[in-house]
Amino acid sequence: MPLSFRIRTALLLGIAASAPAFALPAPADAAGWRCSAGALTGSVLGQALPGAVTTGSATADCTSGNGGAPLSVPPLLDVGALAASTTAGANSALAIGGVVDLAIHSAPSLPITLPEIAIPDALSKVQVTVPLGVIPVPTLAEVDLTPAIQALLPNRKLPSLDLLNVKGAVAYAGGQCSNGAPQLSGSAQIADITIAGQQLGTGSLADKTLTLLDSGSIDLSQLDLTLAKVTVLGVPATVGAPTLLTALQAALPAGPLVQIPATLANVKVTPGDQTATAGALVQRALHISASIAGQSVADLAVGQAAISDGGVDCSAAPSTGAGSGQTASDLALACTKRKIVLIDVLRQGGHVKLIGAADKQYVGRTVKIVFAVGNRTVARAKVKKDGSFATTAPLPAANIRATNRARYTAVIGSERSLNLKLTRRMIVDSVTSSGGKVRIVGRVTRPLGTPVQTIVVKRRVTCSKTATVARIKPAPSGRFSVTVTAPKGQTAAVYRLSTSVRNTPANPKLYPTFTLPRAVNL
């Protein structure tokens, strides 16, 4: 995706459904594409989020639109902005869903059942011999220490803290017609994830267990025994007499028998989850699950975008590959930001032939051909209606024509092409097309490889992809001619050839060499 995350975040804030701030393209149907987007979906405390921000449909043609009313989030969630948008074009569709500034909190008010503190039965039925003086005759009393133990329990309320913070998470899913067939792709952008204040990487799974309340124990020696329940001969009594307190203290078990379990939280974050099946793709920015004391607090899909090509017909769509509906001049400029290019510089007899292409805005303008030595203009040409131009220039002096200094640049106003060297090891003399075939004629300058190396002929499919269409051997002189089948459905094509040669006759080491890319109208 070409936009930076910061810009994307700004766009998210702009398309937040509560106050749209920028205009998407006018709504249109993208027949056959299905697209949908969600900002934040899932459940909190076991209940589905109400009023989720979503748009699009998995069962209807994709249309341009934004998510609906703002999401009503429970108190344990904070969200700075949510957005879900779909954009439909004639031969493509895009879905975007995401959030900015998402937080999941722990708070004392959460309806979470904390781990139970187990009081052993032995402490609820302590047998104590009641000494003389408390009652007329010695007897046994049963003492329940539970009230005294509960009085020592700490304030077991959940702390107020952020379990998770996500600065931004956006999912993208798109489809487009390319070379007559639908292509789907998805990606996610994530920024600044922290769990309990600890910053994490954004590209890998995070699974953290946090201690919200520490474990501990009750020291029985610290009990206020006057709070205990005493039963003597089935009749409730109070612990007041010093002799009874002394007897009860002596009867207490040794050691801390009451353990306070820790209260734990678990936060799991799975980034960039993508599910792809035949003709469909679902991209998620994040999946988040959080629990406290084993009870689900949140189970959320953060930023989700889906695309499918159910029924889309790409057969009539313009191809994104090289040459569809384009001229050779168009293709010469297709993979560069320059508005003028030199396609080739060839020595032909006693002069130099130069061919090139310029942006259509320069049709009718004069191109200057500048020679590097002396930075002087050596030829001029007019840009034709198809953007092409051609001219000839005198051969440079013999002592420089084979050096790196013999270079040519095409210039129109402030626009300049790359400079091309006159003498190269591999040259295309001509590229012609007829009857669905393309013929390429050229030469490799000797010394050739030993044995003579294969020439690989490649056709440009896109600016970043090529296809090998032929392999041939040059003649011992280095001359070659190859005929290949022209690609169907295209009006022009670009070819480039490569091989390996020796640098000097005495050195057997091979070095790669290439022709310049050559475009041809089909």
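Which cysteine forms a disulfide with cysteine 335? It's cysteine 463, and the two sulfur atoms sit 1.9 Å apart. The legends below pick up that link and several other spots in this predicted model.

**Figure 1. The whole chain, for orientation.** Before zooming in, here's the overall tally for the predicted model: the protein has 4 helices and 38 strands. Of its 522 residues, 42% are buried. Take the contacts between residues at least 6 apart in sequence, and 66% of those join residues at least 24 apart. The protein exposes about 25200 Å², with carbon and sulfur atoms supplying 53% of that area.

**Figure 2. The disulfide of cysteine 335 and cysteine 463.** This view goes back to the opening pair, whose sulfur atoms are 1.9 Å apart. The torsion about the S-S bond is about -85°, so this disulfide is left-handed. Cysteine 335 lies in the loop between helix 4 (328-334) and strand 23 (340-348), while cysteine 463 lies in the loop between strand 33 (455-462) and strand 34 (465-472), so the pair ties together parts that are 128 residues apart in sequence. Cysteine 463 comes in at 55% and counts as exposed.

**Figure 3. The disulfide of cysteine 35 and cysteine 62.** The count for the protein comes to 2 disulfides, and here cysteine 35 is joined to cysteine 62 with an S to S distance of 1.7 Å. If you're checking the geometry, the angle about the S-S bond is 75°, and the link is right-handed. Cysteine 35 belongs to strand 2 (residues 34-44) and cysteine 62 to strand 5 (residues 62-63), so the link ties together parts 27 residues apart in sequence. Are these two cysteines buried or exposed? Both cysteine 35 and cysteine 62 are buried.

**Figure 4. Threonine 55 and the residues it touches.** Threonine 55 is found in strand 4 (residues 54-57). Its relative accessible area is 14%, so it counts as buried. Leaving aside residues up to four places away in sequence, threonine 55 touches Ser36, Ala37, Gly65, Asn66, Gly67, Ala84, Ser85 and Thr86.

**Figure 5. The aromatic pair of phenylalanine 371 and tyrosine 408.** The protein's count comes to 1 aromatic pair. The ring centres of phenylalanine 371 and tyrosine 408 are 4.9 Å apart and the planes meet at 45°, so the pair is tilted. It links distant parts of the chain: phenylalanine 371 is in strand 25 and tyrosine 408 in strand 28 (residues 407-412), 37 residues apart. Phenylalanine 371 is buried, at 1% relative accessibility. Tyrosine 408 is buried too, with a relative accessible area of 1%.

Figure 6. Strand 25 (residues 366-371) and strand 26 (residues 376-382) pair in the antiparallel sense over 6 bridges. Valine 367 stands opposite alanine 381 in strand 26. The hairpin has 4 residues between its two strands, and glycine 374 in the turn has a positive phi of about 85°.

Figure 7. Strand 31 pairs with strand 32 (residues 437-444) in the antiparallel sense over 8 bridges. Look for methionine 426, whose bridge partner in strand 32 is valine 444.

Figure 8. At the strand 13 end, 3 bridges join it to strand 12 (residues 181-195), and the two run antiparallel. Isoleucine 193 stands opposite leucine 200 in strand 13.

Conventions
Residues are numbered from 1 along each chain as its sequence is written. This is a predicted model: local features need pLDDT of at least 70, side-chain atom pairs count only at pLDDT 80 or more; totals for chains, interfaces and linings use all residues. Side-chain values use heavy atoms; hydrogens and water are left out. Two strands pair if DSSP finds at least two bridges between them. A disulfide is a pair of cysteine sulfur atoms within 2.5 Å. Buried means under 20% relative accessible area, exposed over 50%, partly exposed in between (1.4 Å probe, protein chains only). Contact means heavy atoms within 4.5 Å. Accessible areas come from the Shrake-Rupley method with a 1.4 Å probe; for residues, only the protein chains shown count as cover. Rings of Phe, Tyr and Trp (its six-membered ring) pair if their centres lie within 6.5 Å; planes under 30 degrees apart count as stacked, over 60 as edge-to-face and the rest as tilted.
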